Amino acid sequence: MTPTVSAPNAVRLRLVTALGRLPMYRLVVLVLAVIAAYSVILGALGWLPFSGPAMLASLVVCLAASYGVNRVAAAAAHVAPQADSALITGLLLYFLFWPSLAPLDLAVTALACTAATLSKYLLALRGRHAFNPAALGAFVVGLTGWGAATWWVGTPAMLWLVLPGALLVLYRVQRLAMAGLFAVVALAVATAVVAQVGVSPLSSLWQALAQGPLVFFAGFMLSEPLTMPGRRPYQFGYSAIIGLAYALPFALGPVSASPELALLIGNLLAFALGLTRGASLRFVERRTLTPSSYEFVFLPSRRVRFVPGQYAELSLHGGGVTGAGSRRTFSFTSAPSSDVVAFGVSTAPPVSHSKRSLMDLVPGQRVYLAAVGGDFVLPRDVDEKLLLIAGGIGITPFASMLRAARNSGEARDVALLASVPNPTELAFADVLRASGARVVVRMSDGGAPADFAEDAGSAPFTAARLRELVPDIDSRTAYVSGPPSFVGAVAREVREAGARHVRRDAFSGY
């Protein structure tokens with residue numbers, strides 16, 4: 001049970017929960033597919049400068065080439081093909097290359113899809129894509145001189161569906177601020193450039209937004225997770241650099257400014273600075289945490305650099321050297337100083353495909369850690385007083401924090417509140433007992449917690465109740481972790497109760 005929420009907040013929480021049930025890649029496939037169907041309808045109605053048959057032909061070629069090449073490349077690399085990734089690549093390139101029934105044009109489009117798909121295997125160094133595949137495919141075709149990306153998706157008629165689709169994806173992956181910074185930089189630079197030839201700011205803004213691919217680029221290309229830095233400050237710098245390269249006109253020999261080149265420049269900088277390094281993980285064991293959750297322990301091929309509270313993006317099918325496979329995010333539960341890395345996972349029904357893949361692992365089998373990210377980390381000032389609030393398996397990032405603090409000898413003032421259905425569902429009891437933190441547990445069934453914890457009863461965490469449980473809450477920085485509905489409702493109550501700052505980590509599902 002969680003506190004009641006207002007109608008607008010309830011709608012938002014339902015949206016977050018519904019989106020969380022869809023894996024990120026599946027959501028992007030569905031959104032792009034809807035936009036593609038919309039474009040074909042516009043073409044058939046004559047609202048776009050190409051015919052419906054030409055658009056269908058281009059769409060079929062993009063999907064067939066991306067999917068087919070991906071199957072062949074995966075078989076050659078002895079990894080399981082990731083269908084969603086292949087479909088995303090094909091759909092993205094469909095919107096970049098001019099639809100046509102001419103065999104030569106279709107062959108050029110197929111070449112772009114082939115180059116993009118192969119790059120996932122040939123240029124996936126250290127388990128990460130060095131470059132955004134679709135952008136690279138478009139760039140390679142431009143170098144051949146046989147064709148070029150036109151980004152025809154950037155038209156007023158398409159914007160009606162591209163804008164809400166882009167916002168939906170950015171909201172799901174929590175990249176709205178990053179995309180917003182990119183848009184501000186790109187629009188400011190573009191406005192300054194065209195002002196030199198007498199174009200008014202309003203006209204230049206309209207042209208960039210409605211008659212260019214900026215919205216599509218920000219929503220579906222810039223947000224690609226495997227080629228961007230994992231920490232928010234780096235992401236902001238990354239998006240600003242790409243925004244600058246996106247809007248500035250330049251030419252270096254045969255290479256001239258283009259959206260795809262702007263993204264590749266950002267990819268290259270992120271990769272060169274070591275912000276995208278992956279690692280191979282050898283499965284060691286599965287430890288039971290509660291009747292409905294486990295901790296999965298791996299031995300990494302190298303020391304994995306992360307900060308307690310961050311997450312890892314794992315490639316769960318045939319990690320191999322390519323890093324190809326089904327990629328999902330899991331919070332670290334181990335301390336950075338440990339020789340192993342571990343992740344806590346709820347396996348309560350319904351069990352997703354990615355969780356089943358984890359459950360099926362046998363000792364010695366490998367997965368790939370493709371990325372480390374997240375900003376749900378503790379303040380550097382060890383004297384800052386903390387309030388950690390976990391809903392169910394949301395306690396996993398706190399396990400990493402408490403383990404790290406104990407290993408390093410940090411004496412932080414920590415109060416941890418946990419909300420679980422019953423006493424058996426409190427995960428990491430041993431970590432909580434050894435942490436020295438004040439632990440308060442709320443049991444939905446009214447049961448009593450273990451002897452090391454205080455009993456919060458069964459009442460929900462309202463603002464009034466939080467002030468009772470943590471009288472000095474106004475002097476603490478709060479961290480709230482768990483399912484989206486829990487985090488959204490409780491974070492609001494924590495703010496009302498007077499916490500200094502509130503940080504969130506919603507487990508959106510995978």
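A disulfide here means a pair of cysteine sulfur atoms within 2.5 Å. Go through the whole structure with that cut-off and you find 0 of them. This is a predicted model, where local features need pLDDT of at least 70 and side-chain atom pairs count only at pLDDT 80 or more, while totals for chains, interfaces and linings use all residues. Residues are numbered from 1 along each chain as its sequence is written, and side-chain values use heavy atoms, with hydrogens and water left out.

Let's look at the cysteines. The sulfur of C62 has its closest cysteine sulfur in C113, at 3.9 Å, so the two are too far apart for a bond. C62 is buried, at 0% relative accessible area (buried is under 20%, exposed over 50% and partly exposed in between, with a 1.4 Å probe and protein chains only). C113 is buried as well, with a relative accessible area of 0%.

Now hop over to helix α2, residues 24-45, where you'll find V28 (helices are DSSP runs of H or I, at least four residues, numbered from the N terminus). V28 counts as buried, with 11% relative accessibility. Setting aside neighbours within four places in sequence, V28 is in contact with I88, V169 and F220, contact being heavy atoms within 4.5 Å.

V169 turns up again at G219, which touches A166, V169 and L170 once neighbours within four places in sequence are left out. G219 belongs to helix α10, residues 214-221, and is buried at 0% relative accessible area. G219 and G165 are 54 residues apart along the chain, yet their C-alpha atoms are separated by 7.7 Å.

Definitions and conventions: Helices (H or I, at least four residues) and strands (E, at least two) are DSSP runs, numbered from the N terminus.
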